[in-house]
Amino acid sequence: AIELVGGEALGRADGVPICIVNRYGQGRAVLLNFPTYSFSNLSLPETPEADATFLSALFATSGVEWPLRLFNEDGNRRRNMEAVRWKTGSGEQVVALYGPLHDTRAQWKEPQGGNLSLKRILAHDVNRPVRVELHEPKHITLIGGEEPMGHTRSFPAPTRPWRPTFVAITDEAPKAPRLKPATRHAERGRHVHFEAEVPGARGLRALKIRVTTPDGREARWFDRSVMAEPLGAQISFPVAINEQSGSWTVTATDLYTGNSASASFMVK
């Protein structure tokens, strides 16, 4: 029942304007002449890609663009997937890739309405490769991966339906942490202190701390995770009065990059 009395009509359906644009100075007001709940579900495979192109173009006219884009192995837009970003410091961010889910977001229901069986869950819980594209090249590290992916604007990432894949994106190449003991010799019944830092880090960095005994066994009672600020973090270990003599090794591993550093202290 709406008749166009001003503005510009962009597209029509049976003669009815779909999108009406009114200009005010340097700004624009856009009226979508349909209820948003009736718009196509962009996650479904049967939805025409033109519907997603329409929304992207609408945002692009206002200078708004996706910070990253996701594609499948065929080069088409990866549907039914979420990408959540956290800024962890100046020039540093972490992206969580989640999905793709089943054809709908009711991923815990069978089509008939029952709960998904464990067998069906495991059948869907497989790696679904996705290609991530950025606006400009960045240093990419797949958290939990074997090594950084280098300086690039396009990279592959594995994804699974019910667990996130984390990717660290930084302006500068990631550097290995530094681990420095306050003293090389530890006294029984006292604490031994270390200073850990990640050179060039502009935000908090998670470090995994592990210690091995002089005979090469893991000292799990010393295991911990430390959040290191740009200026570093202080770490201390209590040395028991009956602790094993010899050289102990402390290793700090950067959760983002997998890079690590080691230092030792001596118990006489």
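Here are a few friendly notes on this predicted model.

1. Before you start: residues are numbered from 1 along each chain as its sequence is written. Local features need pLDDT of at least 70 and side-chain atom pairs pLDDT 80 or more, while totals for chains, interfaces and linings use all residues, and side-chain values use heavy atoms, with hydrogens and water left out.

2. Look for the open sheet of three strands, ordered β10-β12-β15 with antiparallel pairing. Strands here are DSSP runs of E with at least two residues, numbered from the N terminus, and two of them pair if DSSP finds at least two bridges between them. The edges are β10 (178–181) and β15 (233–238), each with a single partner strand, so one side of each has no neighbour in the sheet.

3. Within that sheet, β12 (residues 191–197) is joined to β15 by six bridges. Across this antiparallel pair, E195 stands opposite Q234.

4. D14 lies in the loop between β1 (8–13) and β2 (16–24), whereas N80 is in the loop between β4 (68–71) and β5 (82–89).

5. Are these two residues buried or exposed? D14 is exposed, at 85% relative accessibility, but N80 is buried, at 7%. The cut-offs are under 20% relative accessible area for buried and over 50% for exposed, with partly exposed in between (1.4 Å probe, protein chains only).

6. Finally, F166 lies in strand β9 (residues 165–170). With 33% relative accessibility, F166 counts as partly exposed.

Note on methods: Helix = DSSP H or I, 4+ residues; strand = E, 2+ residues; numbered from the N terminus.
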